[in-house]
Amino acid sequence: MRRGLIAWSKAELPESVFDSRLQRLRGAMTAEGLDAFVVYTNNTRPAAVSWLTAFVPYWAEGLLVVPRDGDAQLSMAFSNRIVGWGKGVSRVARFEGVPRIGIGAGKYIVERGAKRIGVADLDGLRLDVANDLAETAPDARLVDATALFERVRARADPAEIALAAKAGAIAQRALSRIDPGETQLRAIIAAVESTARLAGAEEVYMAASADLLRDDRFLRVEAAPPIGRSYALRATVAYKGCWVRMTRTIIHDAHGASLSDRAAEFFAAAVAKLPSSDGFKGFKTWLVEGCRLAQPLDPLLGSRIEAPRTLAPGTIVTAQAVIELDRHRIAIAAPVLVGTDGSPSSVLVPPAFGRR
Amino acid sequence: MLAQERRHRLREAMASTGIEALVVYGNAWQSDYLRYVADFSILEGHGIAVMSPDGSVELFVDSAVEVERAECEAPGIKVSLAPEIAHAVSARLDRIANHRIAAAPIGFMPRFLLDSGRRFKLEDGTRLVDKLLMVKLPGEIEALRRAAKLADEGYEIFKQAATPGRMQYELIADVEAFFRLRGCADNFMIMGSGGQDVYAMAPPSERQIARGDLVTTELTPAVQGYFAQICRTMVVGTATEAQKRAFGVYREAMEAGIAAVRPGVTAADIARAENDVFRKYGLGDYVTNKYTRVRGHGLGLFTDTKPHILEDVATVIEAGMVMIVHPNTYHPDVGYMVLGDTVLVTESGAEVLCRTPRELFEV
């Protein structure tokens with residue numbers, strides 16, 4: 001579910017940002033002979049549409065149609081009562097509420113006379129939406145445009161970099177609220193999550209490893225597990241369509257602070273080598289996620305990824321890892337900007353949270 | 001235990017219809033079918049579970065962090081990371097292509113799985129699972145009772161949070177923090193604040209709470225994946241006579257709806273009982289889809305499950321169903337108002353699970 005602030009910030013995402021993104025998309029469409037581009041959005045696959053329009057779905061699903069020329073249209077499964085809200089939190093020329101989004105989008109494709117339609121993640125498109133689209137626009141030929149969109153959106157623009165840094169800063173500030181003396185994990189999570197939400201996060205997912213030495217996997221906390229000698233909290237924060245993860249480890253050991261600092265140094269060194277994964281060889285586990293299409297944090301590289309992706313220069317990703325130092329485990333995560341033109345990749349928000 | 005009971009019940013239902021294997025889809029918004037089969041609620045990305053003819057379950061998810069969570073939270077389930085989820089599930093179904101396989105909800109499946117080029121054929125299993133989702137087991141009802149109690153407690157926090165000058169999203173931050181403190185991992189809520197200019201509830205905005213505002217919310221916490229809901233309206237300050245009069249219509253409509261709930265009636269009967277009250281007061285236009293969506297809905301592993309309480313829904317109500325009765329709509333004199341309680345359908349009628357008074361609160 002989604003529960004945070006949904007608002008289009010024109011200061012952080014001015015209209016010119018969307019004009020520029022649409023221009024990039026239309027350039028690629030022209031090169032591939034597409035009359036229109038279609039992409040689906042819902043609560044868990046919001047990223048492509050929010051990147052193009054600022055709109056973040058809270059519960060409903062939608063289809064965005066971007067003709068090669070003319071206005072883009074977002075068809076959302078909304079009643080008319082909600083359309084006004086949708087228009088107020090997005091930047092798209094045409095916004096409509098319809099019971100069946102495939103029909104709404106299909107009608108617009110017919111109206112535009114578009115014939116060759118590129119659909120992002122065509123194979124994954126929800127069946128009844130795909131059927132409605134095909135039946136409403138029977139003369140349209142649907143082709144997969146996943147690779148096209150991936151190329152277009154890969155390199156982050158300054159606005160996206162700023163938003164990722166802001167999301168990271170919100171997460172870092174929230175994680176700094178951890179009271180090392182608190183022994184109830186639920187209370188710690190509540191304090192961290194509340195801080196992030198009050199700072200304007202669109203969404204916050206908290207996960208914890210209550211005892212890193214026993215199990216360094218991160219879970220949501222419904223029960224009240226006892227905290228071990230070292231534990232870690234991961235805050236996944238969304239801000240204006242931009243998602244990052246940050247992790248803070250608490251070590252109840254006299255050398256905890258220096259261990260954290262050493263882990264942060266190893267992590268920064270590993271990150272600097274991205275897109276090469278060589279730097280992570282000394283880590284127990286590691287994962288790099290980023291947005292390729294519509295899911296905000298797709299798995300890209302990692303110790304459990306069987307088919308690694310190639311990271312494009314200038315992409316924003318989130319790296320997370322667990323390292324073992326002096327019989328301790330330290331979990332760490334931060335947003336990263338993949339280097340361009342030979343420059344090293346770097347963390348956007350350093351995973352340092354002060355000393356206890 | 002509850003997961004095993006659900007799976008056992010599902011296997012019996014499948015056997016009675018000759019279905020040998022089942023494919024179910026879920027994502028963070030709607031995870032009910034998936035949770036019923038795999039006992040796992042998706043938070044990021046989406047997931048598809050396959051229940052094979054031997055009863056084993058394999059879960060495919062496209063988020064790496066969800067893989068490790070599923071491994072811990074759903075023991076006994078094989079979990080696979082599948083960034084190209086439709087293709088991975090297709091390869092799995094190829095191995096049982098000679099069996100009768102149903103999919104639920106079939107309309108949510110990736111189109112690739114229904115493509116004519118597949119070796120397997122998927123039948124529509126949505127109604128088979130829907131029936132199980134609607135009529136609850138005792139363990140499911142117990143979880144819903146706990147969720148309803150949490151909804152009552154959460155509303156108290158919401159009331160306390162609604163002070164002039166605060167922004168809508170700040171109220172929700174307070175409620176979410178309270179739920180995390182109570183070990184509640186999930187909640188759905190929307191809200192509204194203002195007067196006659198407010199036509200619906202929506203996601204939280206930066207709008208500030210002001211004296212005289214009507215503040216509405218629909219608050220839906222989950223326990224063990226089961227969502228119970230409460231809808232209430234408050235006034236910041238002292239309610240006007242018009243607000244009190246209007247609220248009286250909603251209370252009468254909700255109580256008429258709840259009084260209509262019993263086994264054997266239809267969802268339409270309940271909606272009609274609510275709407276007749278509005279019509280009696282000359283407010284018939286405001287129970288149409290121009291101003292409102294539904295007059296209530298089922299609750300369970302999804303916040304908005306079947307049956308939808310509408311005058312054209314013929315679903316027969318059965319004991320063991322859990323639903324919210326909420327005549328939420330726009331009132332021309334005062335703006336959008338909400339009022340709703342979660343109820344359990346018993347053999348003799350309805351047991352109301354929410355305890356919060358049915359008042360137009362003044363804060």
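**Entry 1: the domains of chain A**

Domain bounds here come from an automatic or database domain assignment. I am working with a predicted model. I looked up chain A and noted two domains: domain 1 covers 15-153 and domain 2 covers 158-347. I then checked the C-alpha centres of domain 1 and domain 2 of chain A, which lie 32 Å apart.

Next I looked at how these domains touch. I found 18 residues from domain 1 of chain A and nine residues from domain 2 of chain A in the contact. Which elements supply the domain 1 side? I listed strand 1 (36-41), helix 2 (47-53) and helix 6 (146-154) of chain A, each with at least two residues. Helix 2 of chain A has the largest share, four residues. By class, I noted 11 nonpolar, four polar and three charged residues on this side of domain 1 of chain A.

**Entry 2: two helices of chain A**

I turned to helix 1 (residues 15-31) and helix 6 of chain A. Their axes come within 10 Å and cross at roughly 145 degrees. I recorded the crossing of helix 1 of chain A with helix 6 of chain A as right-handed. Which residues make the contact? From helix 1 of chain A I wrote down Arg24(A), Leu25(A) and Ala28(A), and from helix 6 of chain A, Leu148(A), Arg151(A) and Val152(A). I sorted the residues of this helix contact into four nonpolar, no polar and two charged.

**Entry 3: chain A meets chain B**

I looked up the contact between the chains. It joins 48 residues of chain A to 50 residues of chain B. On the chain A side, I found several elements that each supply at least two residues, among them helix 3 (80-88), helix 5 (127-136) and strand 7 (203-209) of chain A. Which element gives the most? It is helix 8 of chain A, with eight residues. The side of chain A that touches chain B divides into 25 nonpolar, nine polar and 14 charged residues.

**Entry 4: the domains of chain B**

Chain B is divided too: I noted domain 1 (2-133) and domain 2 (138-362). The C-alpha centres of these two domains of chain B lie 32 Å apart. I found 10 residues of domain 1 of chain B in contact with eight residues of domain 2 of chain B. On the domain 1 side, helix 1 (2-17), helix 2 (32-38) and helix 5 of chain B each supply at least two residues. Helix 2 of chain B gives the most, with three residues. I counted the classes on that side of domain 1 of chain B: three nonpolar, three polar and four charged.

**Entry 5: a sheet in chain B**

I followed an open sheet of six strands in chain B. The order is 4-3-2-1-5-6, with mixed pairing. Which strands are at the edges? They are strand 4 (78-81) and strand 6 (122-124) of chain B, and each pairs on one side only. Neighbouring strands of the sheet are turned by 25 degrees against each other on average, direction ignored.

I then checked what packs on the sheet. Helix 3 (residues 64-73) of chain B touches strand 3 and strand 4 of chain B, and its direction makes about 170 degrees with that of strand 4 of chain B. Helix 5 (residues 126-134) of chain B lies across strand 1 (21-27), strand 5 (101-104) and strand 6 of chain B. Helix 5 of chain B runs at about 60 degrees to strand 5 of chain B.

**Entry 6: strand 2 of chain B**

I looked at the partners of strand 2 of chain B. Strand 1 of chain B pairs with strand 2 of chain B in the antiparallel sense, over six bridges. Strand 2 (residues 46-51) and strand 3 (residues 57-61) of chain B also run antiparallel, joined by five bridges. I traced Gly47(B): it is the bridge partner of Gly26(B), and Gly47(B) also stands opposite Val61(B) in strand 3 of chain B. Ile48(B) has Phe60(B) as its bridge partner in strand 3 of chain B.

Is strand 2 of chain B mostly covered or uncovered? I found six of its six residues buried, so to speak mostly covered. On one side sit His46(B), Ile48(B) and Val50(B), and on the other Gly47(B), Ala49(B) and Met51(B), all buried. In the hairpin of strand 2 and strand 3 of chain B, with five residues between the strands, Gly55(B) takes a positive phi near 90 degrees.

**Entry 7: Phe158(B)**

I found Phe158(B) in helix 6 (residues 138-161) of chain B. Why is Phe158(B) called buried? A residue counts as buried if 20 or more other C-beta atoms lie within 10 Å of its own, and Phe158(B) is buried because it has 24. Leaving out residues up to four places away in sequence, I saw Phe158(B) touch Leu171(B), Val175(B), Thr217(B) and Leu219(B).

Definitions and conventions: Residues numbered from 1 in each chain as written. Chains lettered and ligands numbered in written order. Predicted model: local features only at pLDDT ≥ 70, side-chain atom pairs only at ≥ 80, totals over all residues. Contact = placed C-beta atoms within 7 Å. Nonpolar A, V, L, I, M, F, W, Y, C, P; charged D, E, K, R; others polar. Buried ≥ 20, exposed ≤ 12 C-beta atoms within 10 Å, placed from the backbone. Pairing = 2+ DSSP bridges. Axes fitted to C-alpha atoms, helices over the stretch in contact; angles between N-to-C directions. Left-handed = near helix turned anticlockwise from the far one by under 90°.
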